[in-house]
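Please find below a note on the model under review.

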Amino acid sequence: MRIVTARRVCQVFFFLLFIWFCLAATLGDAWWQLRGWPINWFIQLDPLVALGTVLSAATLQKGLQWALATVVLTIFLGRFFCGWVCPFGALHQFMGYMARQRTKTSARVRLNTYRPAQAVKYALLIFLLAGLIWRSGPVAIYGLQIGLLDPMVLLHRSVNLVLLPLAGTVLPGPVSAPRFYSDAALIGTVFLAALLLNLYVPRFYCRFICPLGALLGLIGRWAPWRIHKTRDPCTDCRLCESNCEGACEPKGKIRISECLLCMNCIGDCHDGLMAYDSGSAPAGIQSAADISRRQVLTAFVGAAIFWPVLRLDGNAGPGWNPKRIRPPGAVSEEEFLRRCIKCGQCMRVCPTNVIHPAGLQFGMEALWTPVLMFRLGTSGCQVNCIACSHLCPTGALRPVSLAERQGTGEFESSGALKMGTAFMDRGRCLAWAMGTPCIVCQENCPVSPKAIITRERFEAVPSAGELIVAGVAGRRVPLRGAALAPGRFAGGDYFCRLEGLDPSAQQRIIGNDKDSLHLSAPFHSSPPPGSRLRILIRLQQPYVMLERCIGCGICQHECPVSGKRAIRVTADNESRQPDHLLRPNEYL
Amino acid sequence: MTPDDSGALQSRRQFLRRLVSSGLFAAGVSAAGWWFYDRRSATGTATAEVSLPDFRVKNEPACMSIVHGSDRLESLRRALKALGGMERFVRPGDRVLLKVNAAFAVPPILSATSHPDLVAGAIDLCRQAGAVAVTVADNPINDPAACFALTGIGRAARQAGARVLLPQKRYFKPISVKDARLIRRWPVFYRPLENIDKVIGISPVKDHHRSGASMSIKNWYGLLGGQRSIFHQDINTIIRDLGLMMRPTLVILDGTVTMVANGPTGGSLSDLKRTDTMIVSTDQVAADAYGATLLGKIADDLPYIGMCRRAGLGTDDYRSLNPVVLSG
């Protein structure tokens, strides 16, 4: 098999594997669902994720040691990951290939000429990591932002939150159920832009933007095995550059840091001069990345200033957005921002589609980190589910057990994990503001005993006015001069009370005509004609029990006031954040 | 290069040809405009309304059996046997819908949902009676897939050979129920009811803070779609409307374990009470009237039962059906 064919097979395999892992990240026990598939494997292979989290959180999260394999192989082989493994790279390569079916060789050679702008990716890499120089003890002060541009993370986010939901709209099925993601439009735009840039220059993202490619380029610069020309001078036909994916100029002094090991030059050279081995390279080799000291310094200083700027909006501190409800298992906000790479794995696996990528209203630093949005999704956050916490590749969500989540067993004394607290909006609640029975929130509260209780109240129905008994009142009470809509008070929620008597002297109305009421039982002592009556409605007005509410948002999701809900969860009293406590000593 | 492209003078023939094609193009555009022309403005979506058939077995008097025992399956078998067997209700060749209560994504031990063993048992009995197809469906409150998975109903039903139908948007149709006040042009989970001969409801006996109880009739709430929680403003009327909407072949009301508090979600074993009762009835009002006693209530405590009786949906005096009562 030709080496280029082997590379293509390899790329297709890893691309399909990637898609498969995305598909399999659904909750369930069928073979195609989450049951041991290493769905985070590509993220774990990614040295930038490993390096970024080590720099920011000072630990190498379990699973991320896979990145060492990539690093070691890259040290010896060069950027094999970019050319052979990276599914995002494969996608770019395919796009570039499709777009240039009819491009002349000479034009392709021009497109694949090295450009100084390829140094931008090194600057971006430095920019993304340099913000972490601000330290507090062993850990970084500011958040980790590598996920914005890291190709594994970007692709996961795009497939999880855009492509699979898109497939779900077109072709709904068990794997790709229709889903919403709040910031999908922006995420999709970025993804589409990254793809379309291939029409301008092949592998645009890999050459100019990819910070992982930059990192691997730096790691692989001394690789003992590399692509090189075995004889110099050659005929200078430049065919070796006609399909060069990395624009690394194999014709002359090859730029090792740019070479993606696509191996195209080996096949393209008519004289068979190109080789991948440890032999000598008469034309020489440029192993250093083409980035000047000045560029490095600019990126470094820029980041060192920009990261503190990101935090000036106060979102990570006292200005926290109360709608920022993190999934169960989320660590405290500062630690969370140090660890979350915005990959969207938690959002993909969430069985109720309630975890969403945060938009800019949660601060630029937290862009696309997971937050719970209870109006979207098929339910609130289910109290029997801990999937997201076990799936997080970087420990931004720490694995919690069902017992810990629900506060049972050994966690009995610490109580259930709280993501926030539901608050009644008495100005919008039907029972509080509209004199209308409802209590859907109370019924749906999944906590036992319920975190929403009700207070029974009987309120006069203003539209009924004051009624006067016209004759002998038994189970049927005739009324003088009344004009009630027949059946208006038949729903079982209406009661009739005699004015001026003991308020307990009231009976349930089971029906009415224009001028009489039907009661479930006669009054204890029959009221004389001329007695005054009032019609009352029985309301159950909901209250939230602060110490029981876990902030799951099921009440908010089910509230019939479907616009701005009458009961809404905010992150107050969330367990992970002691400074958001509402009650003293709650967790002592 | 053609004369046209070079901008040279057109010949008469070319001019006429162009005139004809331009004319056809213009006529086509005008015809399309005519075709789509709407002199009124948008009038909203008019959809055909359908109502549900009556699924009761014809010419059979209402009947009921009450079996006491701790084994659900055994109780179900005895209860049906006492009524003449499932064969009396399900005929060979019938297609049966089992409307389960899978409202919440909780395990069966919490008794907030129909028990999977009971669902499987009912499916077996239907198939033994000759049913050619059994469908199990519900439009739960929590996420449907999670509900059918966690309650165990999905797996139990599939293993027993039934088809499980989870709600999808296109499975709903607007329905107006005759004499109903609230179910007017309301989306109903209609797909499972298509080509169905018999409908059996299976539900647990549960406390319900708003209506007092959630039993057989309230179980049809799981066929409603849309923003159905607005119906809680008039809970008794909606339950009566559900009774009007669905005249089932049979209801199976499982009071083996009753959720006596914290309903309808429960969530703790302490919300449950062992009541060892299985009720099978063709009269869902009577079934609920008896079920109320398991919650320590009487039929009059639940306004919807009286409303159903007055609507002619059944009797709240279950004794009048001479129920077969078997003890454990």
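1. What percentage of the 588 residues of chain A count as buried? The share is 51%, where a residue is buried if 20 or more other C-beta atoms, placed from the backbone, lie within 10 Å of its own.

2. This is a predicted model, in which local features need pLDDT of at least 70 and side-chain atom pairs count only at pLDDT 80 or more, while totals for chains, interfaces and linings use all residues. Residues are numbered from 1 along each chain as its sequence is written, and chains are lettered from A and ligands numbered from 1 in the order in which they are written.

3. On confidence, the model has an ipTM of 0.83 and a pTM of 0.90. The mean pLDDT (the predictor's confidence in each residue, from 0 to 100) of chain B is 92, and 95% of its residues score at least 70. Where pLDDT is low, the predicted coordinates should not be read in detail.

4. Chain A has a radius of gyration of 33 Å, whereas a compact globule of 588 residues would have one near 25 Å; the value is taken over C-alpha atoms, and the globule rule is 2.2 Å times the number of residues to the power 0.38. The C-alpha trace of chain A spans about 120 × 55 × 40 Å along its principal axes.

5. Chain A contains 21 helices and 17 strands, which are DSSP runs numbered from the N terminus (helices: H or I, at least four residues; strands: E, at least two). Of the contacts in chain A with a separation of 6 or more, 73% join residues 24 or more positions apart; a contact requires C-beta atoms, placed from the backbone, within 7 Å.

6. An automatic or database domain assignment divides chain A into domain 1 (3-33 + 40-220), domain 2 (320-333 + 347-417), domain 3 (421-456 + 542-570) and domain 4 (457-540).

7. Which element of chain A supplies the largest share of the side that touches chain B? At this interface, 32 residues of chain A are in contact with 33 residues of chain B. Both α20 (440-444) and β14 (506-512) of chain A supply at least two residues of that side, and the largest share, four residues, comes from α20(A).

How values were computed
Buried ≥ 20, exposed ≤ 12 C-beta atoms within 10 Å, placed from the backbone. Contact = placed C-beta atoms within 7 Å.
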